[in-house]
Amino acid sequence: MELSISSRLLNTSSAAAATALLKSKPRVHNRHTSIPLLPLKHPFSPLTLKQMSNNSQSTLSCSSLPQNNTPPAPSSPSTASGRIGEVKRVTKETNVWVKINLDGTGVANSSTSIPFLDHMLDQLASHGLFDVHVKATGDIHIDDHHTNEDVALALGTALLQSLGDRKGINRFGDFSAPLDEALIHVSLDLSGRPHLSYDLNIPTARVGTYDTQLVEHFFQSLVNTSGMTLHIRQPYRSFHIYSLLEKIRII
């Protein structure tokens with residue numbers, strides 16, 4: 001048996017049901033604002049709750065901003081302050097402090113009580129464009145040997161420290177320096193293997209109060225502690241113009 005309901009009856013019943021529903025429960029429009037939730041990059045500090053006595057109020061405090069308790073990473077020496085080596089050497093005869101900055105600007109401050117050695121250390125910084133600071137005291141009332149040697153040993157050790165693992169450096173250097181009638185050629189390799197080839201003919205026994213025999217010993221001490229291969233040579237023997245005139249007069 002089939003049941004048939006006219007469309008008019010259905011329409012009338014639906015309208016009546018809707019009217020009754022509206023009268024019994026008024027419509028309430030709830031408008032919700034959608035707020036996207038972003039992941040927190042930093043943990044919030046925990047709430048601190050302090051319970052007061054019954055006659056006082058309870059206080060609640062919290063941080064309104066995210067906090068990062070992770071300490072900052074230390075800066076790399078090569079980017080923050082430069083490649084620096086610092087050495088203090090104390091013996092029975094001397095007390096030496098050396099600081100070198102390979103990424104400096106040529107600042108020099110040397111005090112060894114040996115004027116010519118101070119001058120040469122200042123020239124090393126000025127032409128090399130790195131900072132050299134040397135403070136030294138020693139038994140120069142006997143001679144300059146111990147102070148000369150220990151300054152070179154400390155300087156080589158400071159250079160070794162400042163080079164670090166030597167990654168990315170230009171190991172090899174080659175340079176000729178003409179100074180009036182004198183010409184000196186220097187080649188070096190920062191290889192970590194100490195070696196000195198020295199071929200200089202210094203015409204005077206002293207420069208000021210400095211014994212020129214100590215020059216070779218200075219460079220030997222420098223290469224021993226820095227791990228440097230160093231060649232210093234004089235391509236030809238040079239004479240001062242007055243010495244040359246004197247020889248011509250004698251002939």
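A crossing is called left-handed if the near helix is turned anticlockwise from the far one by less than a right angle, and right-handed if clockwise. Keep that in mind for the first exercise.

This is a predicted model, where local features need pLDDT of at least 70, side-chain atom pairs count only at pLDDT 80 or more, and totals for chains, interfaces and linings use all residues. Residues are numbered from 1 along each chain as its sequence is written, and side-chain values use heavy atoms, with hydrogens and water left out.

**Exercise 1.** Work out how α4 packs on α5.

*Solution.* Start with the elements: helices (H or I, at least four residues) and strands (E, at least two) are DSSP runs, numbered from the N terminus. Helix α4 covers residues 145-163 and helix α5 residues 214-226; their axes sit 7 Å apart at an angle of about 30°. (Axes are lines fitted to C-alpha atoms, for helices over the stretch in contact, and angles run from 0 to 180 degrees between N-to-C directions.) That makes α4 roughly parallel to α5, a label for angles under 35 degrees. As for handedness, α4 passes α5 in a right-handed crossing.

Next, the contact (heavy atoms within 4.5 Å). On the α4 side, the residues include Asn148, Val151 and Leu155, and the α5 side includes Leu214, His217 and Phe218.

**Exercise 2.** Is asparagine 148 buried or exposed?

*Solution.* Asparagine 148 belongs to helix α4. Its relative accessibility is 0%, so asparagine 148 counts as buried (under 20% relative accessible area; exposed is over 50%, partly exposed in between, with a 1.4 Å probe and protein chains only). Leaving aside residues up to four places away in sequence, asparagine 148 touches Ile114, Leu117, Tyr210, Leu214, His217 and Phe218.

Technical notes
Parallel < 35°, antiparallel > 145°, perpendicular 65-115°, else oblique.
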